[in-house]
Amino acid sequence: MNIVTTPASVLDIALDAMARTPDPRLREVMASLTRHLHAFVQEVRLGEEEFEQALEFLVAIGQATGEKKNEVVLAADILGVSTLVALLNNQDPQGESPAALLGPFWRANAPDCRCGDSIARSGTPGVPLAVSGVVRDVQGRPLADAMVDVWQASPVGLYENQDPTQEEMNLRGRFRTDADGRYHFLSVRPAGYPVPTDGPCGVLLRAQHRHPNRPAHLHFMVSKPGHKVLVSQVYADDDENLESDPTFGVTRRLIGNYALQADGASATLSYDFALEPGEMKFPRPPIP
Ligand SMILES: [Fe+2]
């Protein structure tokens with residue numbers, strides 16, 4: 001009989017109720033999630049007030065999400081789940097570039113630019129940065145007409161959507177590789193920045209005595225039909241927070257050489273990408 005007798009018996013009855021799910025993947029994922037959730041509640045002996053707090057946290061991250069911010073993505077990021085999913089699904093079996101978490105700030109439809117253009121449209125002050133590289137397939141052949149979509153925080157550590165002093169779509173742009181697979185553009189050196197701390201994720205970080213500061217980075221999304229979309233980030237090699245990123249996004253291969261030039265006043269970054277064959281499927285933008 002499917003009547004609950006003990007705390008532990010709830011799990012079997014719940015799994016039994018889900019066993020008729022027609023979609024096999026949904027059946028597998030929900031059964032596993034339910035088993036892990038029950039094991040977690042048992043392991044920590046979750047109290048009633050703690051349960052209420054947990055539910056309030058979930059409600060709060062939804063309520064804190066809007067046009068300018070996606071607190072739900074941020075919650076997944078600061079728990080390490082976004083990085084785990086990115087790494088699990090991109091394990092370099094064919095030589096493609098390493099992936100990184102998308103983060104909460106990608107916007108679809110950044111301005112289309114020509115190679116050589118600057119994405120610092122607001123006259124953003126900062127150390128000039130020239131970025132270049134080659135996009136190849138996993139056989140090492142250059143990919144012409146691949147799209148390199150880039151977005152970054154300003155030298156004071158704010159994305160344009162967080163900062164009324166920046167023009168719409170400042171420090172965002174989409175470039176196309178030339179016949180040799182090359183892309184290049186101008187910008188200013190990004191600064192590291194704190195993930196938003198004005199919402200429930202900030203409360204959690206403070207309670208855990210964790211600092212919110214991400215190491216400086218450029219975000220890239222590289223795509224070409226017939227290839228899997230590569231979502232990545234390239235971190236500044238001189239940043240003090242490489243080993244304490246609140247979103248756990250830094251891997252060795254994602255650390256770029258942000259080389260200061262002889263003039264001491266400008267920097268370059270060269271970074272190549274390799275795309276694996278697959279379906280060109282874009283993520284859903286976390287903010288509009
Ligand atoms: Fe970022």
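**Close-up views of a predicted model**

**View 1. Helices H1 and H2 are roughly antiparallel to each other.** Angles over 145 degrees count as roughly antiparallel. Here the packing angle is about 170°, and the axes lie 10 Å apart. Axes are lines fitted to C-alpha atoms, for helices over the stretch in contact, and angles run from 0 to 180 degrees between N-to-C directions. H1 covers residues 9-18 and H2 residues 24-44. Helices (H or I, at least four residues) and strands (E, at least two) are DSSP runs, numbered from the N terminus. H1 contributes Val10, Leu11, Ala14, Leu15 and Met18 to the contact; H2 contributes Arg27, Met30, Ala31, Thr34, Arg35 and His38. Contact means heavy atoms within 4.5 Å. By class, seven of these residues are nonpolar, two polar and two charged. Ala, Val, Leu, Ile, Met, Phe, Trp, Tyr, Cys and Pro count as nonpolar, Asp, Glu, Lys and Arg as charged, and the others, Gly among them, as polar.

The model is predicted: local features need pLDDT of at least 70, side-chain atom pairs count only at pLDDT 80 or more, and totals for chains, interfaces and linings use all residues. Residues are numbered from 1 along each chain as its sequence is written, and side-chain values use heavy atoms, with hydrogens and water left out.

**View 2. Asn170 sits in the loop between strands E2 (147-152) and E3 (172-176).** Asn170 is buried, at a relative accessible area of 0%. Buried means under 20% relative accessible area (1.4 Å probe, protein chains only). The Asn170 side chain makes a polar contact of 2.9 Å with the side chain of Thr124. Another, at 3.0 Å, runs to the side chain of Gln166. A polar contact is a pair of N or O atoms within 3.5 Å; within protein, one must be able to donate a hydrogen and the other to accept it, and residues adjacent in sequence count only if both atoms are side-chain atoms. Beyond four places in sequence, Asn170 touches Ile119, Ala120, Arg121, Ser122, Thr124 and Glu160.

**View 3. Arg214 lies in strand E6 (residues 213-214).** Arg214 is buried, with a relative accessible area of 3%. Its side chain joins that of Asp245 in a polar contact of 2.7 Å. Leaving aside neighbours within four places in sequence, the contacts of Arg214 include Leu101, Tyr193, Gln233, Tyr235 and Asp245.

How values were computed:
Parallel < 35°, antiparallel > 145°, perpendicular 65-115°, else oblique. Buried < 20%, exposed > 50% of the residue type's maximum accessible area, 1.4 Å probe, protein only.
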